[in-house]
Amino acid sequence: MNKFIQIFLFLAVFFASLMKAEAKVYEMLPEMPENPLSEQVVVKKYDYTNTTRVPIYLKIEDTYKTSGDTQTGDELTFVATRDVIYNDKILVKKGEKTTARIRYFIRRGMNGIPSILILDGFNFANLDERKLDAHYMKRGIDNTLLVLPLKWALTILYPLGSFTNFIIGGEARISSKKEIVLYYYPEWILE
Amino acid sequence: MKKIVYLLTAVMLGMNACFAYEMTNQELLKDISMQHVIDSIAYDMLNVAQIKNRMIFTYDKDAKKKLLKCNDSLTKRQVLIYGDNVAKVADKNELAALIAREIVKADASYWGNFKGYIGATQIRCAPKKYELYFDRAAVDLMVKAGYNPVGMITFLHKVYPQKRTDIISTTNLTSKRVMYVYEYIYKNYPEFLVNNEYKDNMYYQNFLLTSTENRAKFYEKIKNKSDEKIKYE
């Protein structure tokens, strides 16, 4: 009987301590420690509720193809191919010219990796640039689609598969015959 | 006597549990707090830069980068922020730099055929080609969201080790990357270098010290108005 009391006491004290610990956890939860970095974070204001978007159709003045000489910062000229009307107002007139800047350029490489051209800075007199699609991206022909199956197929004929490494990707090309589309979101509210 | 020993043992065991819970929860709360900070910076950046591709951010204090594991930013668009990287972050700009780089990477994983499968494979196979783009695009993202891009320089300088050479390597030399970021800020956001918040920062000063030769080459290029690409070391 004595032993039962001893065991009972042991368990009682042990579980009481655990319960106390658990109670401590609940007490602590509301007290979130203040992270010193959180005070420095400033969140900007924006409202993207409205889904209205107006397409702007453009064509490049002269066909452009990336090459070894392509540099970031180069400017390309585009011409609007249609009138852009929103709420009975002409936002962009047909024939209006704009320049875009090559913001990033990733050169093509082995294994069929294509070159990538990313343009930004499209400017129109009546448009808020911030409400326009931020970038226009053009990729060259992706030869990786050819490289991967070829490499796997040639694996059994070692080392032929490795020669597919030397297949180069395509250069990015913006044709003066093809229209490109940028979207303008006139109802977005930006700080 | 036996009773006293049993009671003491029970009390001691209980006390251990008490301290264990306390420690774990303090750490847990710190993690939650850090997760909130990361989320607020990251989602603000996504909104300001109008990035329309979805991604999430997970702070994992204990996770380590594994050599053979695919980057979750590219496969699941789950940006993992590692504890050992956050430990090196000294201010909000450096944390923003860390997050901005991962955002750009996760965004790039949407490129290419098969819903980004091919594009992500290319980034994984040839990261060297894309690394400089990630750094530059992250600098733009930081500026758009209102952070100081010089934080990118100090962040890269502190976090990435310096290899002997990058000739047969999948990554660029860190000194080269940092210098390209410096060049990019110099050309696009010179106001941050003119009124430099980081002038008295020891990490920035260490970058200036270690990049003396590279910067001399760059200033020479600016002086001569040359378009030639500089070979940084």
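Two residues are in contact if their C-beta atoms, placed from the backbone, lie within 7 Å. The model shown here is a predicted one, in which local features need pLDDT of at least 70, side-chain atom pairs count only at pLDDT 80 or more, and totals for chains, interfaces and linings use all residues. Residues are numbered from 1 along each chain as its sequence is written, while chains are lettered from A and ligands numbered from 1 in the order in which they are written.

**View 1. Chain B, with 11 helices and 2 strands.** Helices (H or I, at least four residues) and strands (E, at least two) are DSSP runs, numbered from the N terminus. Chain B has 233 residues, and 36% of them count as buried. Here, buried stands for 20 or more other C-beta atoms within 10 Å of a residue's own; exposed stands for 12 or fewer, partly exposed for anything in between, and C-beta atoms are placed from the backbone. If you take the contacts in chain B with a separation of 6 or more, 64% of them come from residues 24 or more positions apart.

**View 2. Helix α7 of chain B and what surrounds it.** How many of the 10 residues of α7(B) are buried? The count is 8, so α7(B) is largely enclosed by the rest of the structure. Here they are by name: Val150(B), Gly151(B), Met152(B), Ile153(B), Thr154(B), Phe155(B), Leu156(B) and His157(B). Their packing partners in chain B are α4 (92–108), α6, α8, α9 (190–194) and α10 (202–210).

**View 3. Helices α7 and α8 of chain B, packed at about 175°.** The pair consists of α7 (residues 150–159) and α8 (residues 174–188), with axes 10 Å apart. Axes are lines fitted to C-alpha atoms, for helices over the stretch in contact, and angles run from 0 to 180 degrees between N-to-C directions. The two helices are therefore roughly antiparallel to each other. For this label, angles under 35 degrees count as roughly parallel, over 145 as roughly antiparallel, 65 to 115 as roughly perpendicular and the rest as oblique. On the α7(B) side, look for Val150(B), Met152(B), Ile153(B), Leu156(B) and His157(B). They meet Thr174(B), Arg177(B), Val178(B), Val181(B), Tyr182(B) and Ile185(B) of α8(B). Sorted by class, this contact holds 8 nonpolar, 2 polar and 1 charged residues. Nonpolar covers Ala, Val, Leu, Ile, Met, Phe, Trp, Tyr, Cys and Pro; charged covers Asp, Glu, Lys and Arg; the others, Gly among them, are polar.

**View 4. Helices α6 and α8 of chain B, packed at about 40°.** Helix α6(B) spans residues 127–144, and its axis lies 10 Å from that of α8(B). That angle makes α6(B) oblique to α8(B). Glu131(B), Leu132(B), Asp135(B), Arg136(B) and Val139(B) come from α6(B), and they meet Arg177(B), Tyr180(B), Val181(B), Tyr184(B) and Ile185(B) of α8(B). By class, the contact is made of 6 nonpolar, no polar and 4 charged residues.

**View 5. The open sheet of 6 strands in chain A.** Chain A has 2 helices and 12 strands, arranged along the sequence as α-β-β-β-β-β-β-β-β-β-α-β-β-β. Of its 191 residues, 21% count as buried. The sheet runs β9-β8-β7-β4-β2-β11, with antiparallel pairing. Its edge strands are β9 (136–139) and β11 (180–184), each of which pairs on one side only. Averaged over the sheet, neighbouring strands are turned by 40° against each other, direction ignored.

**View 6. Bridge partners within the sheet of chain A.** Two strands pair if DSSP finds at least two bridges between them. Which residues partner Leu58(A)? In β11(A) the partner is Ile180(A), and in β4(A) it is Ala80(A). Strand β2(A) (residues 54–60) is joined to β11(A) by 5 bridges and to β4(A) by 3 bridges, antiparallel in each case. Further along, β4(A) (residues 75–80) and β7(A) (residues 97–106) pair over 5 bridges, with Glu75(A) opposite Arg101(A). Arg101(A) also stands opposite Asp120(A) in β8(A), and β7(A) pairs with β8(A) (residues 116–120) over 5 bridges in the antiparallel sense.
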